[in-house]
Amino acid sequence: MRRSRPRRANAASLCLNLPAAPAFYPNEDEFQNPLQYIDRIRPEAEPFGICRIVPPASWKPPFAIETSSFAFPTKSQAIHHLQARPAACDPDTFELEYGRFLEEHGGNRRRPRLVFRDKDLDLCRLYNAVKRYGGYDRVVHEKKWADVLRIVFPVAKVSPCSMHVLSQSYREHLLDYERYRRSLSRGGEKVRKWRTGARKSRKEKYAGGTSDGTKKRKRASDGEDDTEVGIREPDGQGSADQICEQCGSGLHGEVMLLCDRCDRGWHLYCLSPPLECVPAGNWYCLECVNSDKDSFGFVPGEKYTLDAFRRRAERVKRKWFGSTSPTHPQVEKRYWEILEGLAGEVQVIYGNDLDTSLYGSGFPRAGDSVPPSAKRDEWKAYSESPWNLNNLPKLKGSMLRAVRDSITGVTVPWLYVGMLFSSFCWHVEDHCFYSMNYLHWGDPKCWYSVPGSEAHAFEKVMRKVLPDLFEAQPDLLFQLVTMLNPSVLQENGVNVYKLVQEPGNFVITFPKAFHAGFNCGLNCAEAVNFAPADWLPHGGIGAELYRLYHKTAVLSHEELVYVAAKVNNYSKKTAPYLKEEMLRIFVKEKSNREALWKKGLVKSSPMCARNQPEFVGTEENPSCIICQQYLFISAVVCGCSPCAFVCLEHFDQLCECSPNKRCLLYRYTLAELNDFLSMGKELGIACCLDSEPHQKNKISCDSFTYEDTSRLMKKIKGHNAYFSQLAKDWLTVALSIHSNPFSEAAAERALSEAEQFLWSGHEVDPVRDMVKSLLHARSWSQSLRTCLGKVENCVPLHDCSAEKVPLKHVEDLLDLDPLPCNEPSYHKLKGYAEDAKTLRDEIVAALAADPHTMIAELECLLAKVLASPIEVEESNIIGKEISSAKDFEVNVSLEDHFVQMPKETDTIACDSGAVAGDDVLKLIKDGENLPVNCDKELSQLDSSSILYCICRKPYDERPMIACDQCDEWYHFDCINLQGPPPDKFFCRACEPVVMDLMCTSLSPDEERALEHADDVCYSTKLTPTLLHVRLKGRRRPRKARSTLQLRLALKTDSSEIGASTSCSELDKQWRKNRKLCRRTARRRIKFETLSLFVHMQ
């Protein structure tokens, strides 16, 4: 396998004589994983800040955007102003300041009107142009008047005469003003001489407009300068007078700086970047200094289709190079001539920063439709490729995997459509991310790079060479609108490297590396950020830059680090970087929290838990009103403005309340942050935990040692108070709260005092445990007192409608072992609970008694239950049983009203309607199952519900006769029996059987069948036999029964049966009454069918 090595172009052939950045040529195997490959070449490529990767020849992804319909917005770039431009200066502000100078120090001089080459000479621009090159003396010494002239008049022809005129004009009208401004910044003797007696008009303005004295004069650091700034009284009387434009607060008036033109105010610490002290002389805000007319930037332009953009790009190229194809050195030379102001005004357009989620990506994506000209398999392969910029940020091993939502330009690629000379100015990536740029098609792209190791030197040179631009825009490098010739950087000792990106090439920029460049013609590129593990320390530096310049970050760096650590799905190669960054954050957080404790902050509270802690950015973090940074780990808030948060560094700037009124909000305690470091064992992090007991909370990571806060000290009432000793004293007080009769007020005070310890490390774990115990004790005590209050509220009134406490709830409160605290109301509530338990036992015994308890006794128990202040669960049962018994009595009282119903229905009738026979049986069964003594009612129901005879009616005082075989009773009139009763009577169902048994006996098989029939029940309706009644309604087996019936049929002779009615009528009645009907009497044999009956004379 061929080892890839960097290839460098011949330095001599490069314009500007810049060394070339390396190029790498991975083979097919090396090209499989981009993060692994970049990590392998990083030691060789990172010192250059940039490198080029040429994919294997097989890598040819299709351009996924439909070019015929592709349209995009553009921005206009004034190329000639990228470097050679004056600082943005508002002429009105300059005129105001220059006029005040002339009024105070110019004697009788008036504001001049100068004409240079038939045009008014802009003194503001001339002053800033000379300041750009170090002032008048340096411009004269280094002969820079030609450069000054190009800035003041970009299209003017430079001649010795024009330079002399310009020099004389400056010397006569602006040199004194320059020296005056320089003296102000130095604070010398001339300042005091010039400032003797401040401007009367200025004093009158303040005196007349602020009679309440809320604006005062603040002297410079030497105590002699009468610089006027607006401030607020410490007592807050001027709260409505002036507020800070940045944080919106009117507090801290002593550091409120007012603009000498617009009179708006800013705190010194709210400026970007913040000022350490009040500046000498007059001060103007950036909005007054920077004129909207003169401010420089890329102006949004028209929207172009790709064909229209191509036609314009070709016109620009023909204008500069005709019909020939220029070489790269020719294009580069012409480009820097334009930037130096040697070629006049040049404007181009650039389709930059195009969101691929809106305008489409040049790479195939899984969700995009496959064009007809593309092969589906090839399209799928490139859409899933790790080198596809849409996939790169979320590859395994990238820290950006934890970012769920899309961030354009960071996790979502940006598209760039450029033309000749369209530029991207010096900048570093957001959060110092890596970046990858792929050139899809078109002319080459030229890159310049300064490695991250020389970023500080680069910025120092930029501020030195372009002082006026940085004075007007301190955050100039965040604006991406300034170029500087690499040769100037080289002259000042900064290493600059160059590469030319060809179509199909990747360009990687490394963290903190400043880079810039331009397009050599029409082309289309795509770029995205990514963050492998080695980016983490650079990301921390980027977050600090955002904080310093008060710029809102793209995402929370701390959140990204701790979400990545919590997810814990990274390799051992990732772990050391993650550990180092967590350690840095831990040290900073620990130092800040201890500093706040020393300042008197004693309140603290955990932040609300997140719904999706495994992702970054799913929930918005509060941001510091001063530095605009996201507050993920901790924040400070005050009750005077609960919606305003600051970071721990800006604690003093939050408000003017005393520190003990402010509150520290924390997402993790120091102990939990410490535990994240301890997780390093699982991640392969080399953290050593000392196992000795006295060093339990000591963690050593490389050169840093984490110890407890035993040495932390602050002054309290003139005495030294150590953090550890205060914690021990608090524990003593908390233990006394547990042992003494519990006082909720004392517990509240203790919990409030404990807040000053809870944010700390593992050394205060006993305090945390005691806080949990106190919280549990307070909750238990409150529940106990509330419960007792409800119980006592029910005692004197015996109000049955009052809310009662369930006995189970009371038992749950009382059955804790050990008790959370010494609550005085415990024993009183326990007495009520014992009474309720006794009542419960009585109810259980009454319901389980045999014989059953009388209703009167149960009603007596129910009365006790109603009088009890505690709700006994069994009271509902006894109430239901008493109610059921009374309902049973009501139902039984209907027995005197039964009336005859048609024989076809198997019901019992009453005055209120028909009662089914099964319902009567159910009623009897329910009565038997009641735990209440209902023998009287059951006996009454039993005697009233026994049905007799073939009519299935009660006795009804009519004459009846019983069958001597089956003991069934029959009404005389139902069986047509007249006269005196016979000596022996057999019903028709019994007589044939009796006659047959008299004549013959059953065979052994039939005997066995009958014995087996005692255990079998059939639902088939058959003619009842002799054993039908004896077997309690159970029918014998079909075969045995049919055999017996056959024998009975053969042996039964109708002539032997005496009947009082004709056989035809009996047969009709037989057929009519074959319907199933059960007997309802208690403890009596139940019939399955009705029978016809005969009697023996």
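Trainee: Is phenylalanine 723 buried or exposed?

Mentor: This is a predicted model, in which local features need pLDDT of at least 70 and side-chain atom pairs count only at pLDDT 80 or more. Residues are numbered from 1 along each chain as its sequence is written, and side-chain values use heavy atoms. Buried means under 20% relative accessible area and exposed over 50% (1.4 Å probe, protein chains only). Phenylalanine 723 has 1% relative accessibility, so the residue counts as buried.

Trainee: How many aromatic pairs are there?

Mentor: Rings of Phe, Tyr and Trp (its six-membered ring) pair if their centres lie within 6.5 Å; planes under 30 degrees apart are stacked, over 60 edge-to-face, and the rest tilted. The count by this rule is 40 aromatic pairs.

Trainee: Why is the pair of tyrosine 562 and tyrosine 668 tilted?

Mentor: The two ring centres are 5.8 Å apart. The planes of tyrosine 562 and tyrosine 668 meet at 35°, so the pair is tilted.

Trainee: How many residues apart in sequence are the parts that tyrosine 562 and tyrosine 668 tie together?

Mentor: Helices (H or I, at least four residues) and strands (E, at least two) are DSSP runs, numbered from the N terminus. Tyrosine 562 lies in helix α19 (residues 557–567), and tyrosine 668 is in the loop between β21 (662–666) and α21 (670–678). The pair therefore ties together parts whose separation in sequence is 106 residues.

Trainee: Over the face of which residue does arginine 662 lie?

Mentor: A charge sits over a ring if NZ of Lys or CZ of Arg is within 6 Å of the ring centre and within 35 degrees of the ring normal. Arginine 662, at 4.5 Å from the ring centre, lies over the face of phenylalanine 651.
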